[in-house]
Amino acid sequence: MGLNSTPSSDRVHIGFFGKRNAGKSSVINAVTGQNLSIVSEVKGTTTDPVYKAMELLPLGPVMMIDTPGLDDEGTLGHLRMQKSYQVLNKTDIAVLIVDGTIGLTNEDRIIIQRFRQKNVPFVLVYNKLDLVKSENSAASIQTTSKNDSGQSIDPAIPIESQLWVSTKTKKNIYDLKELIAKQVPNAQSKYPLVSDLIYPNDFVVLVVPIDSAAPKGRLILPQQQTIREILEADAVSIVIKETELRDTLQSLGKKTSLVITDSQVFERVSAETPEDIKLTSFSILFARHKGNLELAVKGATAIETLQDGDTILISEGCTHHRQCDDIGTKKLPRWLKQYTGKNFNYTFSSGTEFPEDFTAYQMVIHCGGCMLNEREMKYRLQCTQDQGTPVTNYGILIAYMQGILKRCISPFPDFSSILSR
């Protein structure tokens, strides 16, 4: 897969944080070699996170993110700061830019604490070396910085994770890129999408409905990524509509190893797929790959305890135009009504709009998360888990309501016994 075609969700996300006028935008422009972000002496020039896809060896494809200042002011400033902290939820490697003429401040110490709480590897960059006489004299700034009570600070950051730079003279910019590239993201999926379930020359049938909600002229990202991984495993990918499944399975001349379906046609596909052929869905594959499959399977059973008037959050990881029979806002509420016979209240969120407080919800139903990177997907799941709110995803819940969930997780040896526990 070429650099430009690597999905954002598969890139290492590198977030640049710091106070206004610390030089975040100048540093990220120097690192990328492009005028990605507007640079100005006016505080608060960066008002929204700015994203840039590039390659940084040896990490490979990465997503660079410039964020608003951590010391912004006023109502709008507070909202911009919230966006910076939201970026941290998807950040695999963090870069903290500090104004070297001032040294570490309270805002810097707060974000360092956040890095540690979230187990995000980070680099501390002292900018504006050209305004300080030498690196030796500049270093005294960081060691003599005071906290709010006047005490000297010890950031307890390994010296090898700190670096002085100048964006004006480009001093140590190359070293900064090398230092960032040496950081190892902590959130790395234990499971591939599908390659560990198949062997070379296996036939894998993908069922892709073409209805009013399907994108015109293209496959959606989960389908693209699954096909790519099947091909890389030297297996054979066969893509069909649900109306062609029965005839396709009978005419192949070789037993199909695995059927992967869009969750919306689970019932028909399950009925037409022989029991000796493994069956699952794209959303279940993604739950194992970048989420928490066990948590989501157990969360699906929570619909048995829901009461009339309970509130359910249905969340999409991406933003898209809702179609007339959208799965999140239309089909799922309809199927839940049919299964439970109860009336629920619904709240819908999409993109970065994901709440931190779940006390108002008795259940969360999330999409497969193909547009989210692994760290953000797991962060969302952890938030719900910490507050004791059951969470599942579209495909897992649909399979549960149709009585086929046990079959659909049976292809995964590590998880096949969850419903029996």
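Let us start with strand 7 (residues 203-207): five of its five residues are buried, so this strand is largely enclosed by the rest of the structure. Here, buried means under 20% relative accessible area, exposed means over 50%, and partly exposed lies in between, with a 1.4 Å probe and protein chains only. Strands (E, at least two residues) and helices (H or I, at least four residues) are DSSP runs, numbered from the N terminus. The model you are looking at is predicted, so local features need pLDDT of at least 70 and side-chain atom pairs count only at pLDDT 80 or more, while totals for chains, interfaces and linings use all residues. Residues are numbered from 1 along each chain as its sequence is written, and side-chain values use heavy atoms, with hydrogens and water left out.

Strand 7 is covered on both faces, with Phe203, Val205 and Val207 buried on one side and Val204 and Leu206 buried on the other. What are its partners? Strand 7 runs parallel to strand 8 (residues 236-240), joined by five bridges, and it also pairs in the parallel sense with strand 9 (residues 258-261) over four bridges. Two strands pair if DSSP finds at least two bridges between them. At Phe203, the charged end of Lys254 sits over the ring, 4.9 Å from its centre. A charge sits over a ring if NZ of Lys or CZ of Arg is within 6 Å of the ring centre and within 35 degrees of the ring normal.

Now step back to the whole chain. It has 14 helices and 14 strands, and 55% of its 421 residues count as buried. Among contacts between residues at least 6 apart in sequence, 74% join residues at least 24 apart; contact means heavy atoms within 4.5 Å.

Next comes helix 10 (residues 293-300). Six of its eight residues are buried, so this helix too is largely enclosed by the rest of the structure. They are Leu293, Leu295, Ala296, Val297, Gly299 and Ala300, and they pack against several elements, including helix 9 (282-290), helix 13 (394-401) and helix 14 (405-409).

These surroundings lead us to the nonpolar cores. A nonpolar core is a set of buried Ala, Val, Leu, Ile, Met, Phe, Trp, Tyr and Cys residues joined through side-chain atoms within 4.5 Å. The largest one has 64 residues, of which Ile284, Leu332, Ile365, Ile396 and Leu397 touch the most other members. Helix 13 gives the most to this core, with seven residues. A second, separate core of 25 residues includes Phe16, Leu59, Met64 and Ala181. Leaving aside neighbours within four places in sequence, Ile396 is in contact with residues that include Ile284, Leu293, Val297 and Leu405.

Helix 14 contains Ile409, which is buried with a relative accessible area of 0%. Not counting residues up to four places away in sequence, Ile409 touches Ile284, Val297, Phe415, Ser416, Ile418 and Leu419. Ile409 and Glu294 are 115 residues apart in sequence, yet 9.9 Å apart in space, C-alpha to C-alpha.

Finally, a look at the aromatic rings. The whole structure has eight aromatic pairs, and ring pairs link Phe17, Phe115 and Phe122 into a cluster. Rings of Phe, Tyr and Trp (its six-membered ring) pair if their centres lie within 6.5 Å; planes under 30 degrees apart count as stacked, over 60 as edge-to-face and the rest as tilted.
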